[in-house]
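The sequence and structure come before the description.

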Amino acid sequence: MTIVPVNRRAFIKSSAAVTAGIVLSPAIIGRAEAATLKLKCSSSLPNDPKYANGRVYYDNLVKNLKGNGLGEQIEVAFFPDNQLGQEIDVINSVKLGVIDLMVSGSSISANLVPLVGTFDLGFLFSSFPQQTKAFEAGAAKPIEDALLKGGNIRIIAWAYNFGSRSVLAKKPVKTPEDLAGLKIRTLPNPVITECLRLMGAAATPLAFGEIYTALQAGVLDGLEHDPPTILASKFFETSKFYALTQHNFSPLAIYFSDMTYNRMDPKLREGFLDAAKKAAADTRAHGLAVEKEALAALTEKGVTVAECDREAFKKRVAPQHENFIKARPESKAVIDVIRATQA
(Lines give C-alpha, C1' and ligand atoms only; values in the text may rest on other atoms or scores of the structure.)
Protein backbone atom coordinates (compact mmCIF):
# COMPACT_ATOMS: atom_id res chain seq x y z
CA MET A 1 0.00 0.00 0.00
CA THR A 2 1.31 3.43 -0.95
CA ILE A 3 -0.44 6.56 0.34
CA VAL A 4 1.59 9.56 -0.64
CA PRO A 5 1.62 13.19 0.51
CA VAL A 6 2.70 15.23 -2.49
CA ASN A 7 3.43 18.72 -3.77
CA ARG A 8 0.80 19.11 -6.50
CA ARG A 9 2.80 21.42 -8.76
CA ALA A 10 5.84 19.16 -8.67
CA PHE A 11 3.66 16.12 -9.30
CA ILE A 12 1.94 17.59 -12.36
CA LYS A 13 5.25 18.79 -13.78
CA SER A 14 6.96 15.43 -13.33
CA SER A 15 3.92 13.47 -14.49
CA ALA A 16 3.66 15.52 -17.66
CA ALA A 17 7.29 14.74 -18.39
CA VAL A 18 6.73 11.05 -17.77
CA THR A 19 3.66 11.05 -20.02
CA ALA A 20 5.61 12.75 -22.79
CA GLY A 21 8.36 10.17 -22.43
CA ILE A 22 5.87 7.34 -22.77
CA VAL A 23 4.39 8.82 -25.92
CA LEU A 24 7.78 9.43 -27.51
CA SER A 25 9.48 6.21 -26.44
CA PRO A 26 7.43 3.02 -26.95
CA ALA A 27 10.38 0.93 -25.82
CA ILE A 28 9.99 2.37 -22.34
CA ILE A 29 6.56 0.77 -22.08
CA GLY A 30 7.94 -2.71 -22.43
CA ARG A 31 10.62 -2.09 -19.83
CA ALA A 32 8.14 -0.54 -17.38
CA GLU A 33 5.66 -3.38 -17.67
CA ALA A 34 8.39 -5.98 -17.37
CA ALA A 35 9.03 -4.55 -13.93
CA THR A 36 6.34 -3.16 -11.61
CA LEU A 37 3.59 -1.14 -13.22
CA LYS A 38 3.02 1.97 -11.11
CA LEU A 39 -0.38 3.66 -11.14
CA LYS A 40 -1.65 6.83 -9.45
CA CYS A 41 -5.12 6.92 -7.88
CA SER A 42 -6.79 10.17 -6.79
CA SER A 43 -9.67 10.96 -4.44
CA SER A 44 -10.99 14.29 -3.18
CA LEU A 45 -12.09 12.81 0.14
CA PRO A 46 -10.02 12.54 3.33
CA ASN A 47 -7.79 9.56 4.03
CA ASP A 48 -10.40 7.83 6.18
CA PRO A 49 -10.42 4.01 5.88
CA LYS A 50 -14.02 3.73 7.08
CA TYR A 51 -16.07 6.72 5.95
CA ALA A 52 -14.25 7.95 2.81
CA ASN A 53 -15.19 6.03 -0.32
CA GLY A 54 -11.89 6.70 -2.09
CA ARG A 55 -9.76 5.17 0.65
CA VAL A 56 -12.17 2.24 1.11
CA TYR A 57 -12.08 1.50 -2.62
CA TYR A 58 -8.30 1.79 -2.70
CA ASP A 59 -7.87 -0.66 0.18
CA ASN A 60 -10.20 -3.12 -1.54
CA LEU A 61 -8.35 -2.72 -4.83
CA VAL A 62 -4.98 -3.49 -3.21
CA LYS A 63 -6.51 -6.52 -1.48
CA ASN A 64 -7.97 -7.87 -4.72
CA LEU A 65 -4.82 -7.22 -6.73
CA LYS A 66 -2.96 -9.38 -4.23
CA GLY A 67 -5.74 -11.97 -4.44
CA ASN A 68 -5.28 -12.08 -8.20
CA GLY A 69 -1.54 -12.58 -7.80
CA LEU A 70 -0.70 -9.08 -9.03
CA GLY A 71 0.55 -7.54 -5.80
CA GLU A 72 4.16 -7.53 -7.02
CA GLN A 73 3.34 -6.55 -10.61
CA ILE A 74 1.06 -3.56 -10.05
CA GLU A 75 1.69 -0.87 -7.45
CA VAL A 76 -1.06 1.70 -6.90
CA ALA A 77 -0.15 4.92 -5.10
CA PHE A 78 -3.11 6.64 -3.42
CA PHE A 79 -3.48 10.44 -3.25
CA PRO A 80 -6.46 11.45 -1.05
CA ASP A 81 -7.76 14.81 0.11
CA ASN A 82 -7.35 16.76 -3.18
CA GLN A 83 -3.57 16.26 -3.11
CA LEU A 84 -3.45 16.24 -6.91
CA GLY A 85 -5.85 19.15 -7.35
CA GLN A 86 -9.57 19.85 -7.33
CA GLU A 87 -11.72 17.22 -9.00
CA ILE A 88 -12.34 19.21 -12.18
CA ASP A 89 -8.56 19.37 -12.72
CA VAL A 90 -8.04 15.71 -11.84
CA ILE A 91 -10.68 14.43 -14.28
CA ASN A 92 -8.92 16.35 -17.04
CA SER A 93 -5.61 14.81 -15.97
CA VAL A 94 -7.19 11.35 -16.23
CA LYS A 95 -8.33 12.27 -19.73
CA LEU A 96 -4.76 13.21 -20.62
CA GLY A 97 -3.20 10.15 -18.96
CA VAL A 98 -1.30 12.20 -16.35
CA ILE A 99 -3.32 10.47 -13.59
CA ASP A 100 -4.32 6.84 -14.07
CA LEU A 101 -7.23 6.32 -11.69
CA MET A 102 -9.82 8.52 -10.02
CA VAL A 103 -12.48 7.49 -7.52
CA SER A 104 -15.36 9.97 -7.60
CA GLY A 105 -19.06 10.36 -8.27
CA SER A 106 -20.31 10.25 -11.83
CA SER A 107 -21.23 13.92 -11.53
CA ILE A 108 -17.77 15.37 -12.11
CA SER A 109 -17.39 13.76 -15.55
CA ALA A 110 -20.60 15.44 -16.78
CA ASN A 111 -18.42 18.51 -17.24
CA LEU A 112 -16.59 16.60 -19.99
CA VAL A 113 -19.53 14.63 -21.42
CA PRO A 114 -22.94 16.15 -20.57
CA LEU A 115 -24.82 12.87 -21.11
CA VAL A 116 -23.24 11.57 -17.88
CA GLY A 117 -25.40 14.15 -16.12
CA THR A 118 -28.37 11.82 -16.66
CA PHE A 119 -27.43 10.09 -13.41
CA ASP A 120 -27.58 13.42 -11.54
CA LEU A 121 -31.26 14.03 -12.22
CA GLY A 122 -33.11 14.56 -8.96
CA PHE A 123 -35.07 11.62 -7.56
CA LEU A 124 -34.11 9.40 -10.53
CA PHE A 125 -33.08 6.35 -8.48
CA SER A 126 -35.07 4.96 -5.56
CA SER A 127 -32.15 3.18 -3.86
CA PHE A 128 -28.62 1.95 -4.50
CA PRO A 129 -29.68 -1.69 -5.03
CA GLN A 130 -32.21 -0.48 -7.61
CA GLN A 131 -29.40 1.47 -9.28
CA THR A 132 -27.26 -1.65 -9.58
CA LYS A 133 -30.14 -3.59 -11.13
CA ALA A 134 -30.72 -0.77 -13.62
CA PHE A 135 -27.02 -0.71 -14.56
CA GLU A 136 -27.04 -4.48 -15.04
CA ALA A 137 -30.12 -4.07 -17.25
CA GLY A 138 -28.18 -1.75 -19.57
CA ALA A 139 -28.57 1.78 -18.16
CA ALA A 140 -24.83 2.29 -17.65
CA LYS A 141 -23.56 1.19 -21.08
CA PRO A 142 -24.53 4.30 -23.11
CA ILE A 143 -22.97 6.53 -20.44
CA GLU A 144 -19.75 4.52 -20.40
CA ASP A 145 -19.53 4.57 -24.21
CA ALA A 146 -20.12 8.33 -24.35
CA LEU A 147 -17.42 9.06 -21.78
CA LEU A 148 -14.90 6.87 -23.57
CA LYS A 149 -15.66 8.47 -26.91
CA GLY A 150 -15.88 12.05 -25.69
CA GLY A 151 -13.41 12.04 -22.82
CA ASN A 152 -10.92 9.20 -23.39
CA ILE A 153 -11.90 7.86 -19.97
CA ARG A 154 -13.14 4.40 -19.09
CA ILE A 155 -15.43 3.62 -16.20
CA ILE A 156 -14.03 0.25 -15.20
CA ALA A 157 -16.40 -0.34 -12.28
CA TRP A 158 -19.36 1.20 -10.47
CA ALA A 159 -19.63 1.42 -6.70
CA TYR A 160 -21.85 3.46 -4.37
CA ASN A 161 -21.31 6.75 -2.70
CA PHE A 162 -21.81 6.01 0.99
CA GLY A 163 -25.46 7.00 1.21
CA SER A 164 -27.90 9.15 -0.69
CA ARG A 165 -27.29 12.89 -0.91
CA SER A 166 -29.33 15.02 1.47
CA VAL A 167 -29.19 18.62 2.68
CA LEU A 168 -27.07 19.71 5.66
CA ALA A 169 -27.87 23.29 6.67
CA LYS A 170 -27.44 25.82 9.45
CA LYS A 171 -31.21 25.86 10.06
CA PRO A 172 -33.94 23.18 9.94
CA VAL A 173 -35.27 22.28 6.49
CA LYS A 174 -38.56 20.41 6.17
CA THR A 175 -40.17 21.92 3.07
CA PRO A 176 -39.04 23.65 -0.15
CA GLU A 177 -40.04 26.94 1.46
CA ASP A 178 -37.46 26.35 4.22
CA LEU A 179 -34.72 26.17 1.59
CA ALA A 180 -35.63 29.53 0.06
CA GLY A 181 -32.65 31.87 0.06
CA LEU A 182 -30.23 29.36 1.59
CA LYS A 183 -26.89 29.17 -0.21
CA ILE A 184 -26.42 25.41 -0.56
CA ARG A 185 -23.21 24.10 -2.05
CA THR A 186 -23.55 21.81 -5.03
CA LEU A 187 -21.02 20.13 -7.25
CA PRO A 188 -19.87 22.35 -10.13
CA ASN A 189 -22.32 20.44 -12.31
CA PRO A 190 -25.31 22.07 -14.02
CA VAL A 191 -27.74 19.17 -13.47
CA ILE A 192 -27.21 18.94 -9.71
CA THR A 193 -27.20 22.72 -9.44
CA GLU A 194 -30.55 22.84 -11.26
CA CYS A 195 -31.95 20.10 -9.01
CA LEU A 196 -31.17 22.09 -5.86
CA ARG A 197 -32.51 25.28 -7.44
CA LEU A 198 -35.80 23.53 -8.23
CA MET A 199 -35.88 22.22 -4.66
CA GLY A 200 -35.89 25.85 -3.53
CA ALA A 201 -32.26 26.58 -2.62
CA ALA A 202 -29.88 29.26 -3.82
CA ALA A 203 -27.72 26.55 -5.38
CA THR A 204 -24.03 27.48 -5.20
CA PRO A 205 -21.48 25.44 -7.19
CA LEU A 206 -18.14 25.13 -5.40
CA ALA A 207 -15.12 22.82 -5.46
CA PHE A 208 -15.15 20.18 -2.72
CA GLY A 209 -11.90 21.38 -1.17
CA GLU A 210 -13.37 24.84 -0.55
CA ILE A 211 -16.55 23.78 1.28
CA TYR A 212 -15.37 23.82 4.90
CA THR A 213 -13.89 27.31 4.87
CA ALA A 214 -16.91 28.65 2.93
CA LEU A 215 -19.22 27.26 5.63
CA GLN A 216 -17.05 28.78 8.35
CA ALA A 217 -17.02 32.18 6.63
CA GLY A 218 -20.76 32.22 6.04
CA VAL A 219 -20.35 32.13 2.27
CA LEU A 220 -22.47 28.97 2.38
CA ASP A 221 -25.50 28.12 4.48
CA GLY A 222 -25.09 24.40 3.89
CA LEU A 223 -24.37 21.67 1.37
CA GLU A 224 -25.84 18.46 0.00
CA HIS A 225 -23.91 15.23 0.49
CA ASP A 226 -24.02 11.73 1.97
CA PRO A 227 -23.68 11.11 5.73
CA PRO A 228 -20.22 9.44 5.81
CA THR A 229 -18.67 12.23 3.72
CA ILE A 230 -20.17 14.85 6.03
CA LEU A 231 -18.73 12.95 8.98
CA ALA A 232 -15.29 12.30 7.46
CA SER A 233 -14.90 15.89 6.26
CA LYS A 234 -16.18 17.36 9.58
CA PHE A 235 -18.81 19.53 7.91
CA PHE A 236 -20.99 18.86 10.97
CA GLU A 237 -18.78 21.30 12.89
CA THR A 238 -20.33 24.20 10.96
CA SER A 239 -23.91 23.06 10.24
CA LYS A 240 -26.19 21.14 12.59
CA PHE A 241 -29.39 20.26 10.68
CA TYR A 242 -29.52 17.34 8.26
CA ALA A 243 -32.74 17.01 6.25
CA LEU A 244 -33.16 13.58 4.66
CA THR A 245 -34.20 14.80 1.22
CA GLN A 246 -32.45 11.81 -0.40
CA HIS A 247 -32.69 13.63 -3.72
CA ASN A 248 -29.77 11.84 -5.35
CA PHE A 249 -28.36 8.31 -5.14
CA SER A 250 -25.11 9.28 -6.79
CA PRO A 251 -23.20 6.40 -8.40
CA LEU A 252 -19.51 6.18 -7.55
CA ALA A 253 -17.41 5.76 -10.68
CA ILE A 254 -13.96 4.22 -10.95
CA TYR A 255 -12.40 6.28 -13.72
CA PHE A 256 -9.46 4.87 -15.64
CA SER A 257 -7.39 6.69 -18.24
CA ASP A 258 -7.77 5.17 -21.69
CA MET A 259 -4.10 5.97 -22.31
CA THR A 260 -3.12 3.81 -19.33
CA TYR A 261 -5.54 1.09 -20.44
CA ASN A 262 -3.97 0.92 -23.89
CA ARG A 263 -0.39 0.78 -22.67
CA MET A 264 -0.99 -2.09 -20.25
CA ASP A 265 0.01 -5.61 -21.18
CA PRO A 266 -3.30 -7.39 -22.07
CA LYS A 267 -2.73 -10.22 -19.58
CA LEU A 268 -1.91 -7.78 -16.79
CA ARG A 269 -4.86 -5.62 -17.77
CA GLU A 270 -7.31 -8.51 -17.53
CA GLY A 271 -6.29 -9.29 -13.96
CA PHE A 272 -6.31 -5.61 -13.01
CA LEU A 273 -9.83 -5.02 -14.37
CA ASP A 274 -11.09 -8.11 -12.55
CA ALA A 275 -9.61 -6.79 -9.28
CA ALA A 276 -11.17 -3.37 -9.94
CA LYS A 277 -14.64 -4.90 -10.31
CA LYS A 278 -14.24 -7.06 -7.20
CA ALA A 279 -13.11 -3.99 -5.24
CA ALA A 280 -16.23 -2.13 -6.39
CA ALA A 281 -18.48 -4.94 -5.13
CA ASP A 282 -16.68 -4.89 -1.76
CA THR A 283 -17.04 -1.10 -1.58
CA ARG A 284 -20.77 -1.26 -2.38
CA ALA A 285 -21.34 -3.64 0.54
CA HIS A 286 -19.32 -1.39 2.86
CA GLY A 287 -21.21 1.71 1.73
CA LEU A 288 -24.62 0.26 2.48
CA ALA A 289 -23.52 -0.75 5.97
CA VAL A 290 -21.74 2.46 6.91
CA GLU A 291 -24.49 4.97 6.00
CA LYS A 292 -26.64 4.13 9.04
CA GLU A 293 -23.61 4.14 11.30
CA ALA A 294 -22.60 7.58 10.05
CA LEU A 295 -26.10 8.97 10.67
CA ALA A 296 -25.92 7.72 14.26
CA ALA A 297 -22.46 9.25 14.68
CA LEU A 298 -23.68 12.61 13.35
CA THR A 299 -26.51 12.56 15.89
CA GLU A 300 -23.99 11.93 18.66
CA LYS A 301 -22.04 14.97 17.47
CA GLY A 302 -25.05 17.23 17.86
CA VAL A 303 -26.55 17.13 14.39
CA THR A 304 -30.35 17.00 14.19
CA VAL A 305 -31.18 14.34 11.60
CA ALA A 306 -34.80 14.72 10.49
CA GLU A 307 -37.29 13.52 7.90
CA CYS A 308 -38.74 16.14 5.56
CA ASP A 309 -41.54 16.52 3.04
CA ARG A 310 -39.71 14.49 0.42
CA GLU A 311 -42.73 14.29 -1.89
CA ALA A 312 -42.95 18.09 -2.01
CA PHE A 313 -39.30 18.30 -3.10
CA LYS A 314 -39.80 15.48 -5.61
CA LYS A 315 -42.80 17.25 -7.16
CA ARG A 316 -40.77 20.44 -7.55
CA VAL A 317 -37.95 18.60 -9.35
CA ALA A 318 -40.18 16.49 -11.65
CA PRO A 319 -39.94 18.84 -14.68
CA GLN A 320 -36.17 18.41 -14.73
CA HIS A 321 -36.42 14.91 -16.23
CA GLU A 322 -38.51 15.89 -19.25
CA ASN A 323 -36.49 19.03 -19.87
CA PHE A 324 -33.28 17.00 -19.82
CA ILE A 325 -34.71 14.50 -22.32
CA LYS A 326 -35.72 17.35 -24.63
CA ALA A 327 -32.21 18.78 -24.48
CA ARG A 328 -30.51 15.36 -24.78
CA PRO A 329 -32.83 12.87 -26.51
CA GLU A 330 -30.18 10.13 -26.21
CA SER A 331 -30.79 10.12 -22.45
CA LYS A 332 -34.37 8.84 -22.84
CA ALA A 333 -33.36 5.19 -23.30
CA VAL A 334 -31.22 5.36 -20.14
CA ILE A 335 -33.96 7.01 -18.09
CA ASP A 336 -36.58 4.54 -19.36
CA VAL A 337 -34.46 1.56 -18.20
CA ILE A 338 -34.00 3.13 -14.76
CA ARG A 339 -37.70 3.91 -14.38
CA ALA A 340 -38.63 0.38 -15.42
CA THR A 341 -36.28 -1.24 -12.89
CA GLN A 342 -37.74 -2.27 -9.55
CA ALA A 343 -35.63 -2.32 -6.40
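## Sheets, helices and cores

Strand β2 (residues 37-42) pairs with β3 in the parallel sense over 6 bridges. Within this pairing, serine 42 stands opposite phenylalanine 79 in β3. Two strands count as paired if DSSP finds at least two bridges between them. Helices (H or I, at least four residues) and strands (E, at least two) are DSSP runs, numbered from the N terminus.

The model is a predicted one: local features need pLDDT of at least 70, side-chain atom pairs count only at pLDDT 80 or more, and totals for chains, interfaces and linings use all residues. Residues are numbered from 1 along each chain as its sequence is written, and side-chain values use heavy atoms, with hydrogens and water left out.

β2 and β3 belong to an open sheet of 6 strands with mixed pairing, in the order β1-β3-β2-β4-β11-β5. Its edge strands, β1 (2-3) and β5, each pair on one side only.

A further open sheet of 6 strands, also of mixed pairing, has the order β8-β7-β9-β6-β10-β12. β8 (202-205) and β12 (304-306) are at its edges with a single partner strand each, so one side of each has no neighbour in the sheet. Neighbouring strands here are turned by 30° against each other on average, direction ignored. Within this sheet, β6 (residues 165-169) and β9 (residues 222-225) pair in the antiparallel sense over 4 bridges, and valine 167 has glutamate 224 in β9 as its bridge partner.

Axes are lines fitted to C-alpha atoms, for helices over the stretch in contact, and angles run from 0 to 180 degrees between N-to-C directions.

| Helix | Strands touched | Angle |
|---|---|---|
| α8 (residues 190-199) | β6, β7, β8, β9, β10 | about 120° with β10 |

The axes of α14 and α15 come within 8 Å and cross at roughly 145°. Residues making this contact include Phe324 of α14 and Ile335 of α15.

A nonpolar core is a set of buried Ala, Val, Leu, Ile, Met, Phe, Trp, Tyr and Cys residues joined through side-chain atoms within 4.5 Å; buried means under 20% relative accessible area (1.4 Å probe, protein chains only). The largest core has 38 residues, of which Phe119, Tyr255 and Ile338 touch the most other members. Elements supplying at least two residues each include β3, α5, β11 and α15. Apart from this core lies another, of 29 residues, among them Ile156 and Phe256.

Conventions
Contact means heavy atoms within 4.5 Å. Buried means under 20% relative accessible area, exposed over 50%, partly exposed in between (1.4 Å probe, protein chains only).
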